[in-house]
Structure formats: C-alpha cells, structure tokens
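Biologist: I am new to this one. Could you take me through it?

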Amino acid sequence: MSDKEPMWDSLPSEILTRAFLQLPIKSIITCTSVSKKWKSLIQNPSFISTHLHRSSSDSNNHLLLFRLCPDEGTVWDKCEREVYTLYWDNNIEEEDFNEHTRFDSPFPAQSCSVIFRVVGTCNGLVCLARDLLSYDNSYILWNPCVRKFTRTSKPIVSYSTHGGFEETTGFGFDSRTNDYKVVRVVRLMDREDEDGSSLKVEVYSLATDEWRMVTAGLPSGCVVRGREPLAFVNGALHWIAFRRNITNNWQSFVMVFDLGDEVISEIALPEFLNGFDGDQYWVRMSISVYRNSLALFHQQDFCSPCLNTWVMKEYTDESSWTKLFTLSDDQGSREYVPRALGFRRSGEVIIEMHDGQLISLHFESQKLKVLGITGYGYISDHSINGNGYTFFDSYLESLVLLDEPNRAVTY
Amino acid sequence: MASSSTSVVVSNKEKENKNTKKVTLKSSDGESFEVDESVAMESQTIKHIIEDGCANNEIPLPNVTSGILSRVIEYCKKHKEAAGESEPSVTSYTSNSTTNPLTEWDTEFVKVDQNTLFDLILAANYLDIKGLLDLTCKTVADMMKGKTPQEIRETFHIKNDYTPEEEAEVRKENQWAFE
C-alpha cells in the first residue's frame, strides 16, 4: 500500500452522489462550494430526482406539514403571521408528537392583507395563493428546505379581463415531463361564454413559466365553489364540481384532470348524496386523498351533527365508495362539526375541532390523540368546504428548485 | 429440552458443511480465498459470474487487493450469518437499530484509515455489494457533515477549482447554508 493520499477526486460520480444522498440538506448545499465537479453533480435534475425518491422511500423520514395559528397576538396578528411547522409522522403510540422544525415565512405580511392560502404540497414544494380575501395575480411555489421560491407568471383569467369570479386551485407533479403544474379552476360570476359556460380551467407549467387554457373535454354547464380543495393522486387533480340535474338542482360529481395528458374526466361521488333534497352545492363536503384513491369528508350539520368519511376503495370504481367512519362531536352543535384535514400515511385522520385543537383519529380503534397544536378553528367567514386557513399534508424534504438559480429567489 | 435442541443444531451444521459449495476468489496480488458460495454471492458481480457458469476453478478479481478482499469477505460472512440466523436468536433483539448488533459491528468495521476506506468503497462498487457500499458511503458522508467547504477539501484532498470570485458567487446563491 502506498503512503500517498487516496484520490478522492477520482471516485466515480455515482459513488460521490451516493455519499451526498446521506447528508442533511444544508450539508449537501455546502458541498456545492467545494469544487465545480461537486456542484455540477448536486445541482442537476437527476440528482434532485434521486434524492426525492430516496426521501420518499425512507419510512423513518416521513413528515407532516402544518400551517397553524400563531399563539400570541391579536386577531389581526393571527391573520398576518404565518406559522409553518414540520412534525415527524411516527406511528408509535407511546411516542410524543414531535416537532422536527419550523419554517419562517419569507413573505412579508402586507399591511391589511391576510395570510396565504396553502393550495397544496408536492415533493417538498408548497404552493401558496393570496386569495383568501382578494383576487391575486400569481402563485408562489416555495421549497422551505432549500429556502427558495418562485412566483408564477400572471394567469390568463383575471378580474380585469373576465370580471368577478370564484376560483379554486390545485398543485401537482407531472411525472411524464418531470414538471410541476398549477391548475386553476374558475367560475365566472359576471359573464358566461357564448355557449353559456362559466367554467374556465387553466394550467401553469413551472418548466415553461406559462399558463395555458384547457378547452378540450371541459363539460359544459358546470360550476365550482371557491377555494374547493383539489386532491392530487395517481397523477391527476380531483375536485368537486356541480351540474344541474333534471330537477334543476345542483348535483355534485368529481372532475378529474390528468396532469400528464391534460384530459378531463369524471367520477361519481357516493350514492348517499343522491338522497339530498335540493342543491348539493351547499353540502359541507370536501375531497381528499386516501392511500392511492379518494376520500370524501362530509360535515353533516343536520339531524345528529357528525363528520362522515367515505373512501373509494378501488380508484375510479364508483361502486367501491365505502363509509369509513362517523365522528360525532359531543357538543352536538350544528355550527361546530369537526372538520377533517386529511389522512396520515398510517390511515389516521387529522381533525380540527371547533376551537382549532388538532387531533389524530385512529378510527378502527376509535382512539383520539390530542396533538397539542392548534389551527385557526372557525373563522367567521368559513366557507362550505373548509376555511383555507389551517393546513395539513404529508411532506417530503427535497431539493426541488435548487437547480434553478436564475428563476428561484433565495432568502 | 436445551440439550436436545443443541444436538439438533450440531447435526444441522454437520449437514451444512458436507453440502456447502465453495468458491475460490483470487485477489489482484495473487492470493486465493476459499469461501462458501452463498457468502460470495453477497456480491452481485460474483453472483452473476457464478450463475453464468463462468466460475470454473477460481474467480479472478483484478481490481481488489488481498488486504481489501479479506475485509470484504469478513463483511459478507458476518452479514450472511446474521441474515441466515434462526428465529429465536434474532427476536431477542429489539427493532431499535441502536441495539442491533450488526450496527455496532458495522461501525467498528469502518473505523479504518482513509486509504482502506477508499479502497473498500471501490471494491464494494466493483463487486456490487449494496450493504457495504451504503455503509462506506455513509462513513464518507459523516466525514463531510458539519465541515466548511475548505475543511472538506482538506479532508478529501480535493483541489479547489473555483476562483475566489466564483466561489463567492456560489456561496451567495445559497447564503443561508454557509452561515
């Protein structure tokens, strides 16, 4: 054996990247400054993709992202300051619910404006919209792990071009083109198209920084509610839409937008909705992701108020909608039916009580775990399908946006 | 009860020894190592050679010296043993990795000088032994963690090919990570 030092610089790239993958994100970024070769290995889409894949398959690394209500401050403060925290998604009952880290929001609170609405998260990116109280012109794609964000270009539909509207937004990843897409579903209130349609769908691509109207396959005569949650699963965004039925009442269904081929399709909701007399538009329900399929949360605010959860056991098989559980609130109040925020990987449901308290429900055993963290609870203008203030989703740490030094802003 | 189970184990082992296939691995410096075929097959590279029927008498490994090869064999033997262990002894350990005996053994295994570590990585890569490659890469990662770029360069003898201006630019791109 020679005494000379080993030629680390000559290590094959795949070995070096294997080592980088085992580093925490901050250390990975430090390595970009060691040499040009290391920088080019790290700041490239293929490494970022491998890192993401590894992040998602490591079950010790699963996280939950919450946007919670700040503890201190006046009512105004609570609507201006944003608290984003990451918790470990551990399933072990005896362990406490542990915080991993907090993120500072890099976006200064504008005076008299309200916090962002979190549209969704995907692969470590968080999509934000400032549309809780006003019409906004752009969306933000933010990766808090690498402290970078980028603003989308202006959408096509705006107040000045189309008049007043209700809108809802979704965010997801197109694995075919390795691109992140924001989908905006708008219901025009002031006008309609020549064919009487008031529904507009446009899609934004991060790769091109452009919006494009979706016209093919858009069902006519349909409307959406504002701030309707969009569920991203199986490469498609899903949302609840409505069309008039023969009795001229609004009837609900799931509209599906495949991010890859940008084709629109439909899935029916559970049959219990057919029993509703009148407009389903006012039913307090929202769609969510359950495993690799869909779930429907329904806040029943009549008879015995309770939270019902349905899941579609076989994705796209409409006959497989099954009621998973019913949660009654002891208070029995119509106003304050608990609201479900989403499922954890384990299948437990995160629920927000009327006072904002968050709990994790293991519905098979009926065990409730109080998490000790608080959302916004009921805000006076809470919408039919959720208030858009408290946010919860599964989260993956990633390096997405690290390879976009020219487009992404670092803070 | 105890004595009868011991004798069962012994007789199984005897059976094993009679039926175990061996294979000979030859290092770059001409030394031969006879190992159980099952242990050698921890290496995907060797596994393919054997399965392709190309392993006549010896399998030459021109990229691996005897010193490194003996260590690699030690790793494979240990991990093969642990994998093949019968239920009772394995379930006596908790699932917590910090008390998993292999984790401790692995940690000791990689407490070697840089040259040896470097050669082990290359060998694990060439022989395609995933566990050993992950272990050695993790060790390298641990050597990078928490260090400044200059400290990393010194540890790994990496030449800095940035000009001072270029380096400042790179740091500026992600300023927060360097503070």
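Predicted model: local features only at pLDDT ≥ 70, side-chain atom pairs only at ≥ 80, totals over all residues.

Biologist: Let us begin with the interface. How many residues does the contact take from chain A and from chain B?

Modeller: Chain A gives 41 residues to the contact, and chain B gives 41 residues.

Biologist: And what area is buried between chain A and chain B?

Modeller: About 3,600 Å² is buried between the two chains, and carbon and sulfur atoms give 65% of that area.

Biologist: How many salt bridges does the rule find across the interface?

Modeller: There are three salt bridges across the interface of chain A and chain B. One of the pairs linking the chains is A:K36 with B:E166, whose closest N and O atoms are 3.2 Å apart. A:K36 lies in helix α3 of chain A and B:E166 in helix α10 (residues 164-173) of chain B, so this pair joins two chains. A salt bridge also forms between the side chains of A:K39 and B:E173, at 3.7 Å from N to O.

Biologist: Which elements of chain A give two or more residues to the side that touches chain B?

Modeller: Those elements are α1 (13-20), α2 (25-31) and α3 (36-42) of chain A. By class, that side of chain A has 20 nonpolar, 10 polar and 11 charged residues.

Biologist: Changing topic, at what angle do the axes of α4 and α6 of chain B cross?

Modeller: The axes of α4 (residues 66-84) and α6 (residues 101-109) of chain B cross at roughly 175 degrees and come within 12 Å. Angles over 145 degrees count as roughly antiparallel, so α4(B) is roughly antiparallel to α6(B).

Biologist: Which residues of α4(B) and α6(B) meet there?

Modeller: From α4(B) come B:R71, B:E74, B:Y75, B:K78, B:H79 and B:A82, which meet B:L102, B:W105, B:D106 and B:F109 of α6(B). The residues of this contact divide into five nonpolar, one polar and four charged.

Notes. Residues numbered from 1 in each chain as written. Chains lettered and ligands numbered in written order. Heavy atoms only, no water. Axes fitted to C-alpha atoms, helices over the stretch in contact; angles between N-to-C directions. Helix = DSSP H or I, 4+ residues; strand = E, 2+ residues; numbered from the N terminus. Parallel < 35°, antiparallel > 145°, perpendicular 65-115°, else oblique. Contact = heavy atoms within 4.5 Å. Nonpolar A, V, L, I, M, F, W, Y, C, P; charged D, E, K, R; others polar. Buried area = accessible area lost by both parts, 1.4 Å probe. Salt bridge = Lys/Arg side-chain N within 4 Å of Asp/Glu carboxyl O.
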